Amino acid sequence: MAEQSALPDREPDAVRAAGLSVTVGHHGARVLDEVHVTVPAGTGVLVLGPSGCGKSTLVRALVGVVPHTLPGTVSGVLRVVGHDPRDVSPAELAARVGLVQQRPGDQLCLSRVDDELRFALENRGADPRTLDSRAAAALDAVGAGHLHERATHTLSGGEAQRVALAAALVADPDLLVLDEPTALLDPAAAHEVGVLVAGLAHAPAAPDGGPHPPRSTHRSVVLVEHRLDELGTLPEATLALGGDGRVVAHGPTDRVLREHARELVALGCWLPLAVRLEAAGAPGPLGAPATDAWLADLARATTVGAAGPRPSPAGSSRAALRVHGLDVHRGPRRRGRRPAAPPVVRGVDLDVRAGEVLVVVGPNGGGKSTLLRGLAGLERTTGEVLTASGEPVAMVFQDPEHQLVASTVRDEVAWSARRAGVPDLDDRVGRALERFSLTPLADANPYRLSGGEQRRLSLATATVLDPAVLLADEPTFGLDRAQAAATAHALRGRADAGGAVVVVTHDLSLAAEIADRVAVLVDGTLAALGSPSEVLEDDALCARAGLRRPPLLDWWARTGRGRGVEPGALVRALDAVEFVNPVGVRPGASS
Amino acid sequence: MTPGPTALERWNPTVKLATVLTLSTAALLVTDPVTPAIGWVLALAALLVLGRVPVRTLALAHVPFVVLATSLLVVNVVTRPGGDTVHLGPLTVAADGPTIGAALALRTLFVGAASLTLVLTTDPVRLMTSLHQHVRLPAAWTYAVLAAHRLLVELPDAWHTIRCAQAVRDPRRTPGRLPRSPRALGAAAFALLVGAVRRSERLTIALESRGLGSGPRTTARPVPLGPSDVATGVAVLLVAAAVVVVGLLGGWVTGVGALTA
């Protein structure tokens, strides 16, 4: 800011970047291009952008990981709490800058929670007598006081992320940098962590009442996040990055989101519901009678509009997958002669019809993934799982990298087809590559693709044989909005082409959008099975299964339902008003 | 609620490590079966009494050592020449074979049990803290080892998930069975390795973001190293020496020379 030199007593800006360009890797791929951003001390900034836009790279440059720990170059002006991260080591900078990364499990270094927190203080040479009280205070401040004796590998994603937050805050940094802290959490945990994180940007520093005097200023926060509805209150400023690593917009959050709404949606960003409604032309905020009427009309128009009525799956009532009395055990078989652990999934009866998408929802640890593995014949099962065709089912796992077996994208897609010995191998592989926009990447190494590209690859490999039954475990996890939309489109498309599709997800909007029926799995048993409306309108069921309706579906349950609106039509209608490229191909955003 | 740390757990981990290493090295110089047998029994007694290790845990932890010991015994019985011939049921073997084989097998069990006193009764954080405090192992090393240890704990689950994820891609697979062909296991191992490398990169960043290596550090739970820790080590070595002396007087101890005789 211009007046900065006139105020010599002022604290240095938390972040000041001018003409900041960053390349990563040994080949010097440019990820950030001429970025200008200033975060005054004591304020927060939200960083938005599609996958591959350089959000994580910005974080890594701020904390000095690039270029110190990972290969890459940083050019231009960069000052973080008064230091140039290129001149001090990341460990030294860490005394004033806290970091929370995306993956909950991969940022806790030690095997116990309290060791982890004490470790962060020991490294900074803190007084050994204060360590325990400061560690306890930091855990309490994030609502994780009860976790202090737990083994880190037993923590759930949400718990681990709270502990990571406490470990970043325990040394009372001036600046906290968070890289998509809720991206890999289920909605309930994401909401809790999101509210916690949003609160940090507004709360004074040193809230833990530790022995050190509280500072007068607030803590500065750089928050990379795309699940904005989970945050409640957003930081005051926003920096939006485009697919090419350039700044799309930077300024007060309200102004950036409203003025650039369409651009951000086109880039593949999620926006808060209020902004989406405004951009879609709603007459006022949600809850105003005019808006309610407008939204209900919009959804009803879509039901008979472009999307068209879906052929009723009951019409083609042929069951592609028949499940009767299914129990599923988890883990490798025959482990010693210990008394057998009880099955994780018990007594499931289920028919999945051809042409139908069945979405399975439920709390973490409820057995959703285990059920899918049981259906795929990968775990020990008792009971009956029959496919109409007798051939095994195809399945897409949560982490696409777990399924890779070949060294090029083309071979990866061809792998199953070769094993099956189909006659039209090249045609099939070519069509699958084309369908998922992978043709330009056909010779690339699968491990070098981005997360969104790997997801498309895993869908291409699973559908190359046009399987009668396709299972998908959290297929939209960690993807940006455009990628998630493309994935939803592909799954729905498989069912519309006559396949039976079973999708496990936490995302109720996805469930409403693509599901013909929704199954709710709680504690390993089927708690409910019905249409999306039947499940989503049942408050008691939602509470029992830990289903947290996102704001749009919450409106549906309270208001829209009474006006004859279908939840799926509502979600699709609002999506259709905004511009989302249905195949999710965003040229130039593949890095 | 839970009983306090056992005597073996309280013992300074660095001294314990040094003692175990000394005993294991010394055991290499002895080639009769009786001496390592006595050592093994003493180590087991220490684990059960001073370490309060459950019998079941101890038995399971012995499995790899028993396998190795058995194979050593069999190989020596069948292949080692020398000494009088002995009839073992239908087999006729040289007498040195069973003796040396038993000695090597018991030595394996003894070294195994000794190392179990380290593995089963030592908190990894305490061991690393002590190595940093008492033998000046750099903190960057000790904590890298601890982070790697944490990664190891989660590898079995990742391995199972990867095998499932790859097995499901085979349209000709047998339901309910994961492939065990070398090719399938190799592909799974590669995916596991890539995942581990990616995770270790993130853990490295996490270690730095906690300020590891930023300067002088303090220790929240210093591991005490007192005269009693050293005395315990000395006592253990004296017991070992006594076992050897008794063996020499009794005439059953033989040295390395017996192997090549």
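The model is predicted, with local features needing pLDDT of at least 70 and side-chain atom pairs counting only at pLDDT 80 or more, while totals for chains, interfaces and linings use all residues. Residues are numbered from 1 along each chain as its sequence is written, and chains are lettered from A in the order in which they are written.

**Exercise 1.** Describe how helix H8 of chain B packs with helix H9 of chain B.

*Solution.* Begin with the axes, which are lines fitted to C-alpha atoms over the stretch in contact, with angles from 0 to 180 degrees between N-to-C directions. The axes of H8(B) (residues 155-167) and H9(B) (residues 182-209) come within 9 Å and cross at roughly 130°. That makes H8(B) oblique to H9(B), since angles under 35 degrees count as roughly parallel, over 145 as roughly antiparallel, 65 to 115 as roughly perpendicular and the rest as oblique. Next, find the residues in contact, meaning that their C-beta atoms, placed from the backbone, lie within 7 Å: among them are B:Trp159 and B:Ile162 of H8(B), and B:Ala188 and B:Leu192 of H9(B). By class, this contact has nine nonpolar, two polar and one charged residues.

**Exercise 2.** Determine which elements of chain B touch chain A, and which gives the largest share.

*Solution.* First, take the totals: 48 residues of chain B are in contact with 53 residues of chain A. Then list the elements that give two or more residues to this side of chain B, which are H6 (124-134), H7 (139-153), H8 and H9.

Methods: Helices (H or I, at least four residues) and strands (E, at least two) are DSSP runs, numbered from the N terminus. Two residues are in contact if their C-beta atoms, placed from the backbone, lie within 7 Å. Ala, Val, Leu, Ile, Met, Phe, Trp, Tyr, Cys and Pro count as nonpolar, Asp, Glu, Lys and Arg as charged, and the others, Gly among them, as polar.
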